[in-house]
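Hi everyone, thanks for making time this morning.

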Amino acid sequence: MSGAVEHGIPLNQKCGIGDVILKPGSEHLIPGVQVVPYALWPDDRGYFLEVARTGQGGVANFPPGSTQVSAALSLPGTIKAFHIHRFQTDYWCPAAGMFQVALVDLRPDSPCFGRRNTLYVGALRPWQILIPPGVGHGYKVISREPGMLVYVTDRVYNPADEGRIAYNDAGIHYDWELQHK
C-alpha cells in the first residue's frame, strides 16, 4: 500500500467476491455503506440522470465549501482498485456502462472487519453508492463500452488522505475473474 492512510488488512481470507448485494437495503451491506436507486429519464436523444442535490439525499451532510464533483471514464476491462480514505466520504454514481464494484471493510475496530461486498451497477442497475471512510473500494468495467463514473466527495482531493492497495492484494484476496463461467 502507498499513501499515509492507516488501516487493517484482513489475513487468510478465502479468495472470492464476498456478499453480492442484490437490493439497496441488504442486511449484508458493510455498515455505513448506503445504496440508493436513481431515476433515469430516457427519450429519443438519450437519457438524463441527476447525480446529487446539495443538502439532500446521500450528499446531505457534504459541506458546500469542500465538496468536489469528479468523473472518471474507464475502458472495458479496466480495474481501478483499491482506494481507501481516512476522512473522505465518496458518493458514486455510475452514469454509463456497467461496473463490478468491490468494497471491503478495512476498519480494524469494525464488527464486520474484512467483509467484502460486490455490487453490479450502472446502466442496467442504476444505483448510487455512499462509501464511508475506512471502506476500501474499487471497480472493474464489465460492459463492452467504456464506463463513466461520476462521483461526489465531501472533501477536495488530498493525497495524504488516500491510500492505495493493489487490486490483487493477498489480504483482501478479491477475485476479479469472471464469476459466471
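**A salt bridge to start**

Let's begin with R164 and E162, whose side chains meet in a salt bridge, 2.7 Å from N to O. By salt bridge I mean a side-chain nitrogen of Lys or Arg within 4 Å of a carboxyl oxygen of Asp or Glu. E162 counts as buried, at 10% relative accessibility, whereas R164 is partly exposed at 41%. Here buried is under 20% relative accessible area, exposed is over 50%, and partly exposed is in between, with a 1.4 Å probe and protein chains only.

A word on the ground rules: this is a predicted model, so local features need pLDDT of at least 70 and side-chain atom pairs count only at pLDDT 80 or more, while totals for chains, interfaces and linings use all residues. Residues are numbered from 1 along each chain as its sequence is written, and side-chain values use heavy atoms, with hydrogens and water left out.

How many salt bridges are there in the whole structure? The search finds five. Another of them joins D43 and R45 at 2.3 Å, N to O; D43 is partly exposed at 37% and R45 is exposed at 73%. Then there is E50 with R53, where the closest N and O atoms are 2.6 Å apart. Both ends are partly exposed, E50 at 29% and R53 at 45%.

Strands are DSSP runs of E, at least two residues, numbered from the N terminus. Strand 6 also holds F82, and a cis peptide bond joins A81 to F82, with omega about -15 degrees.

The largest nonpolar core has 19 residues, and V33, V101, L103, L119, I129 and Y139 have the most contacts inside it. A nonpolar core is a set of buried Ala, Val, Leu, Ile, Met, Phe, Trp, Tyr and Cys residues joined through side-chain atoms within 4.5 Å. A second, separate core of 12 residues includes A81, L106, I165 and Y174.

Leaving aside neighbours within four places in sequence, V101 touches W92, I129, Y139 and Y174, among others; contact means heavy atoms within 4.5 Å.

One more buried residue: I30, at 1% relative accessibility, sits in the loop between strand 1 (19–20) and strand 2 (34–37). I30 and L103 are 73 residues apart in sequence, yet 8.0 Å apart in space, C-alpha to C-alpha.

Finally, take a look at H173, in the segment after strand 13. H173 is not a glycine, but has a positive phi of about 55 degrees. Thanks, everyone!

Methods: Helices (H or I, at least four residues) and strands (E, at least two) are DSSP runs, numbered from the N terminus.
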